[in-house]
Each structure stands twice: as C-alpha cells, then as structure tokens.
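Here is a guided look at the model, written to be read with the viewer open.

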Amino acid sequence: MLGITFSPADDLKTWRDEVGLTAELLCDADRAVAMAYGAAQSADQERPSRISVLVGTDGLVVNAYEVSDAEGHPAAALAEIP
Amino acid sequence: MALPEIGSRAAAFTLANQDGKQVSLADYAGRQVLLWFFPRAFGNN
C-alpha cells in the first residue's frame, strides 16, 4: 500500500512514526499524481479527495473507490485481493 | 475529475516518500498495490 497526499515529507515522516504506520507515504506536492487519478481537480486543491485505487500485477486498474468509511476501507479493499 | 477506469493502465509516477527517497509505481511491477489518497498528515485519515 502506498499512501499519497500533499503534506511535506517531514510531516509525513513525523506522523507515520507517531501513529506507527508501515506503509510508505508519498508527497505529491504538485498534485500531478492526484489529478491523474481523480483525487484532485486542480493544482491548487488544498487536500486530496479520499479515494483509493487498486493496481494489479499487470499494472492495470483493478478497482477504484471513493472512500466513505476511512477506518474500514483498507481492510475491505485488501480483502478483495485474491 | 473521474476515478480511473477499471482495466485502464495505471498512470506511472515517481514521488518522494517520507524519507525523501524516490518511489515509483514501477517499483511495484508484478505486485498488487493499493494507492491510498488521503487528506493530510496528522488528520483523521
């Protein structure tokens, strides 16, 4: 799992350590990746939308989700992986 | 902007991780990977 947001790397590092995450957290400062995946409408959007995208072993999109249940979503999405 | 279409090729990217190391989607070739877009560090994500 790769977490992607707009926060600076230093903040990501501090927060990741604080909450004990093991996923890599990536800094999409210019919003280009978020825009490519539909998580942002423009380069000045303050925060990405809560979405996730499952990419298969062949590099194709297996599923894309708008996340409403942030707490339960990762387990539900990972459960779909065969 | 719409979510990516199922079955379409996932857009390639390279971004810095929390340690400043460059990470590419291509690094995960041959593995399934969940891309999790979340609002911000320190938020209720």
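What distance separates the centres of domain 1 of chain A and domain 2 of chain A, taken over C-alpha atoms? It is 16 Å.

## Ground rules

This is a predicted model, in which local features need pLDDT of at least 70 and side-chain atom pairs count only at pLDDT 80 or more, while totals for chains, interfaces and linings use all residues. Residues are numbered from 1 along each chain as its sequence is written, and chains are lettered from A and ligands numbered from 1 in the order in which they are written.

The complex receives an ipTM of 0.92 and a pTM of 0.89 from the predictor. For chain B, the mean pLDDT (the predictor's confidence in each residue, from 0 to 100) is 93, and 93% of its residues reach 70 or more.

Chain A holds three helices and four strands; here helices (H or I, at least four residues) and strands (E, at least two) are DSSP runs, numbered from the N terminus. Read from the N terminus on, their order is β-α-β-α-β-β-α. Along the principal axes, the C-alpha atoms of chain A fill a box of roughly 35 × 30 × 25 Å. A residue is buried if 20 or more other C-beta atoms lie within 10 Å of its own, exposed if 12 or fewer, and partly exposed in between, with C-beta atoms placed from the backbone. By that rule, 32% of the 82 residues of chain A count as buried.

The domain assignment of chain A gives domain 1 (1-49) and domain 2 (50-82), with bounds that come from an automatic or database domain assignment. Five residues of domain 1 are in contact with four residues of domain 2, where contact means that the C-beta atoms, placed from the backbone, lie within 7 Å. On the domain 1 side, the touching residues divide into three nonpolar, two polar and no charged. For these classes, Ala, Val, Leu, Ile, Met, Phe, Trp, Tyr, Cys and Pro count as nonpolar, Asp, Glu, Lys and Arg as charged, and the others, Gly among them, as polar.

## Where the chains meet

Across the interface, 34 residues of chain B are in contact with 49 residues of chain A. On the chain B side, strand S1 (14-17) and strand S3 (33-37) are the elements that give two or more residues, and S3(B) gives the most, with five. That side has 21 nonpolar, eight polar and five charged residues.

S3(B) also runs parallel to strand S1 (residues 2-5) of chain A, joined to it by three bridges; strands pair if DSSP finds at least two bridges between them. In this pairing, A:Gly3 stands opposite B:Trp36.

## The largest nonpolar core

A nonpolar core is a set of buried Ala, Val, Leu, Ile, Met, Phe, Trp, Tyr and Cys residues joined through C-beta atoms within 7 Å. The largest one has 29 residues, and A:Ile4, A:Tyr37, A:Val53, A:Val55, B:Leu35 and B:Phe37 touch the most other members. Its largest share, five residues, comes from S3(B). Domain 1 and domain 2 of chain A both give residues to this core, so it lies between them.

Among the contacts of A:Val53, not counting residues up to four places away in sequence, are A:Tyr37, B:Pro4 and B:Leu35.

## A backbone detail

A:Arg31 sits in the loop between strand S2 (24-27) and helix H2 (32-37) of chain A. Its phi is near 70°, a positive value in a residue other than glycine. A:Arg31 is partly exposed, with 18 other C-beta atoms within 10 Å.

Methods. Two residues are in contact if their C-beta atoms, placed from the backbone, lie within 7 Å.
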